[in-house]
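Please read it with the coordinates open.

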Amino acid sequence: MKNLGFTLSVVLLSVATVALAQTDAKKSSVAAAPSEAQKSFATVKSLAGEWEGPVTVPDAPEMSGSKMHLSLRVTSRGHALVHEFQEAGTPLDATKYDHPVTMFYVDGDQLTLVHYCDAGNRPRMIGKTLPDGKTVDFELKDISGSTEHHMHHSVFTIIDDNHHTEDWTFMMKDKPIHAHFDLHRAN
C-alpha cells in the first residue's frame with residue numbers, strides 16, 4: 001500500500017509539472033506577440049542608417065530644394081531610435097546650423113516621438129502604423145516649452161528598403177507649414 005501511495009504521489013506531481021509547463025508555454029507565446037506600438041517601432045527602426053534627399057516646402061518656396069542629410073541610429077540596446085537632421089554639407093555645429101534631434105521609443109502601449117526642436121521646445125507625438133503597413137503617422141499629444149512655433153504632426157512612409165519620405169508639419173503661431181523630405185539611403 002505504501003508503494004501505491006508513493007507511485008500515486010509521483011504520478012500526480014508529474015501531471016502537475018506537465019500542466020504548469022504547458023501553462024507557462026502558453027503564457028510565453030502570448031507574451032512574445034509584439035504589441036501594435038512595438039510593430040510600429042520596428043517599422044521605424046528599419047530605417048536605421050544614413051539618408052539624403054531634397055526638402056520641398058510648398059508654403060515657403062525659398063526653403064525648397066535644399067539637400068538634407070538624415071542619420072537614424074538605434075541606441076539603448078534597441079529601445080530607442082535617434083533621428084538627426086541637418087542640411088547636407090554643413091558641419092555639426094548647432095550654434096550656427098539647424099540640427100533638430102528626435103527620439104523614438106515605446107512607452108507602455110504607445111510609440112512615442114519626442115522632437116527636440118530648434119525652436120526650443122519638445123513636442124511629444126504618438127504614432128500608429130496605418131493599414132498599408134508602410135506608413136507611421138504621428139499626432140501631437142502634448143508639448144513642453146513654447147507652443148507659439150512647434151512641430152505638430154509627422155508621417156513616415158517607407159517606399160522600399162532604400163527610399164522613404166517624411167512629412168512634417170510645423171506650426172508658425174496658428175499657420176501650418178508643411179515640409180516634405182524625399183530621402184534615399186546614402187550608405
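The points below go from the overall fold to strand pairing, aromatic rings and salt bridges.

1. **Ground rules.** This is a predicted model, in which local features need pLDDT of at least 70, side-chain atom pairs count only at pLDDT 80 or more, and totals for chains, interfaces and linings use all residues. Residues are numbered from 1 along each chain as its sequence is written, and side-chain values use heavy atoms, with hydrogens and water left out.

2. **Elements.** The chain has two helices and 10 strands. Their order from the N terminus is α-α-β-β-β-β-β-β-β-β-β-β. Helices (H or I, at least four residues) and strands (E, at least two) are DSSP runs, numbered from the N terminus.

3. **Burial and surface.** Of the 187 residues, 34% are buried. Buried means under 20% relative accessible area, exposed over 50%, and partly exposed in between (1.4 Å probe, protein chains only). The accessible surface is about 11200 Å², and carbon and sulfur atoms hold 58% of that. Areas come from the Shrake-Rupley method with a 1.4 Å probe; for residues, only the protein chains shown count as cover.

4. **Contact range.** Take the contacts (heavy atoms within 4.5 Å) between residues at least 6 apart in sequence. Of these, 35% join residues at least 24 apart.

5. Two strands pair if DSSP finds at least two bridges between them. β1 (residues 49–56) runs antiparallel to β2 (residues 67–75), with six bridges. Gly-49 has Leu-72 of β2 as its bridge partner. β1 also pairs with β10, again antiparallel, over four bridges. There, Trp-51 stands opposite Arg-185 of β10.

6. β7 and β8 are antiparallel and share five bridges. Thr-135 stands opposite Thr-157 in β8. Four residues lie between the strands of this hairpin, and Gly-145 takes a positive phi near 95° in it. On to the next pairing: β8 and β9 (residues 163–172) are antiparallel, joined by 10 bridges. His-150 stands opposite Met-171 in β9. This hairpin has two residues between its strands.

7. **Aromatic rings.** A pair of aromatic rings is described by the distance of the centres and the angle of the planes. Here, rings of Phe, Tyr and Trp (its six-membered ring) pair if their centres lie within 6.5 Å; planes under 30 degrees apart count as stacked, over 60 as edge-to-face and the rest as tilted. The structure holds five such pairs. Why is the pair of Phe-138 and Phe-156 edge-to-face? The ring centres are 5.8 Å apart and the planes stand at 75°, so the pair gets that label. Phe-138 sits in β7 (residues 135–144) and Phe-156 in β8 (residues 149–160), 18 residues apart, and the pair links distant parts of the chain.

8. Phe-138 is buried at 0% relative accessibility. Phe-156 is buried too, at 2%.

9. **Salt bridges, overall.** Side chains of opposite charge can pair when their charged atoms come close. The rule asks for a side-chain nitrogen of Lys or Arg within 4 Å of a carboxyl oxygen of Asp or Glu. It gives four salt bridges.

10. Lys-39 and Glu-36 form a salt bridge at 3.3 Å, N to O. They are three residues apart in helix α2 (residues 36–45), so about one helical turn separates them.

11. **A bridge between strands.** Arg-124 pairs with Asp-142, with the closest N and O atoms 2.4 Å apart. Arg-124 lies in β6 (residues 122–129) and Asp-142 in β7, 18 residues apart, so this pair also links distant parts of the chain. Arg-124 is partly exposed at 23%, and Asp-142 is partly exposed at 30%.

12. **A bridge between loops.** Lys-173 and Glu-148 form a salt bridge, their closest N and O atoms being 3.7 Å apart. Lys-173 is in the loop between β9 and β10 (175–185) and Glu-148 in the loop between β7 and β8, so the pair ties together parts 25 residues apart in sequence. Lys-173 is exposed at 52%; Glu-148 is partly exposed at 39%.
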